[in-house]
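Look at the structure first, then read on.

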Amino acid sequence: MSAAKKIAEAEELVRQAEKSLKTSLLKWVPDYDSAADEYSKAATAYRIGKSFDKSKECQLKAIECYKNNKAWFHAAKSYEQIILLSKDTDKLLEIEEYANKACSLYQQHGSPEAAASALDKAAKLTEQKHPELALRFYQHAIEVIMIEDSTRQAAEYSTKVSRILVKLRRYEEATQAIKREIGLNQQTESYGQIGRLVVALVLVQLARGDSVEAEKAFREWGSCCEPEEVSTLQTLLNAFDEEDAEMAARMLATPFIRHMDVEYSILARNIPLPEGMQLEKKSDDNAGNATNEDEDEGIC
């Protein structure tokens, strides 16, 4: 069906919706239920016809009808449709307003899982271009889902919070986020996941230039790590302690670190290496230069 036909269909649905809202001597109350359904169908037809502004307008009218009927769940669903329209029109910054409204209505309906899911969807749409916005969505989702004590779901959202903070190089906040994530996984007894988080925490502390806190994290939670992780972290921390840049670089390039979530893999490649060997090399170079100068002077 052509865009023109879909728009004509939408316009007819709008007329029906307006008629449903009218009152008369025999009809004292607007038919909000029918009007909401017709506005919603009109919004879909407008969207297919690429008339995005009119589609959004119809969704907003449908939401008002749903609210008048106290149909909070359906109103929230309509806000989620507006979020998709914001994606279609590349107006991603508008998503925050509608995602928060959808979340609030889902909570009002008594559906915290749907509320958190709406925030999760919004975060996925915005993470690539607006990671700070996605971060706020995931943090809000954790708050919402923890009302229901859904620790496992909160841990999943916490993983995304930690990764975005690392991506944004907000390492101080990332260390706190990873520690909270470890705590949530302890509650669900997900000890294998804790091992990987210990590796992540050590990497972030080293990126901060704090090898002391990195060692402290390993001592506190290292018992949850797999043997390969324990061996690698011990050697890595010893390399930093002894200022062995070559060994540190080798450990940061081990396969299981390279195959971690991409944010941590990139972080490992960018961690400043200890300077001991580099300083030693510079000293050797300076000594060599001095020798050459002495030889040159002797020749002269």
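Helix α5 meets helix α7 through Ile95, Glu96, Ala99, Asn100, Cys103 and Gln107 on the α5 side. The α7 side supplies Leu133, Arg136, Phe137, His140 and Val144. By class, this contact has six nonpolar, three polar and two charged residues. The model is predicted.

Two packed helices are described by the angle between their axes and the distance between the axes. Here the axes come within 11 Å and cross at roughly 10°. Angles under 35 degrees count as roughly parallel, so α5 is roughly parallel to α7.

The helices named in this report have these ranges:

| Helix | Residues |
|---|---|
| α5 | 95-109 |
| α7 | 131-146 |
| α10 | 191-207 |

Next, the core. The largest nonpolar core has 90 residues. Leu203, Leu236 and Leu267 have the most contacts inside it. Helix α10 gives the largest share of this core, eleven residues. What does Leu236 contact, leaving aside its neighbours within four places in sequence? The partners are Leu203, Leu206, Ala248, Met251 and Leu252.

Last, the cysteines. How many disulfides does the structure hold? The count is zero. A disulfide is a covalent bond between the sulfur atoms of two cysteines. The cut-off is a pair of cysteine sulfur atoms within 2.5 Å. The sulfur of Cys224 has its closest cysteine sulfur in Cys225, 6.9 Å away, so the two are too far apart for a bond. Cys103, one of the α5 residues that meet α7, is buried, with a relative accessible area of 1%.

Conventions. Residues are numbered from 1 along each chain as its sequence is written. This is a predicted model: local features need pLDDT of at least 70, side-chain atom pairs count only at pLDDT 80 or more; totals for chains, interfaces and linings use all residues. Side-chain values use heavy atoms; hydrogens and water are left out. A nonpolar core is a set of buried Ala, Val, Leu, Ile, Met, Phe, Trp, Tyr and Cys residues joined through side-chain atoms within 4.5 Å. Buried means under 20% relative accessible area, exposed over 50%, partly exposed in between (1.4 Å probe, protein chains only). Helices (H or I, at least four residues) and strands (E, at least two) are DSSP runs, numbered from the N terminus. Contact means heavy atoms within 4.5 Å. Axes are lines fitted to C-alpha atoms, for helices over the stretch in contact, and angles run from 0 to 180 degrees between N-to-C directions. Angles under 35 degrees count as roughly parallel, over 145 as roughly antiparallel, 65 to 115 as roughly perpendicular and the rest as oblique. Ala, Val, Leu, Ile, Met, Phe, Trp, Tyr, Cys and Pro count as nonpolar, Asp, Glu, Lys and Arg as charged, and the others, Gly among them, as polar.
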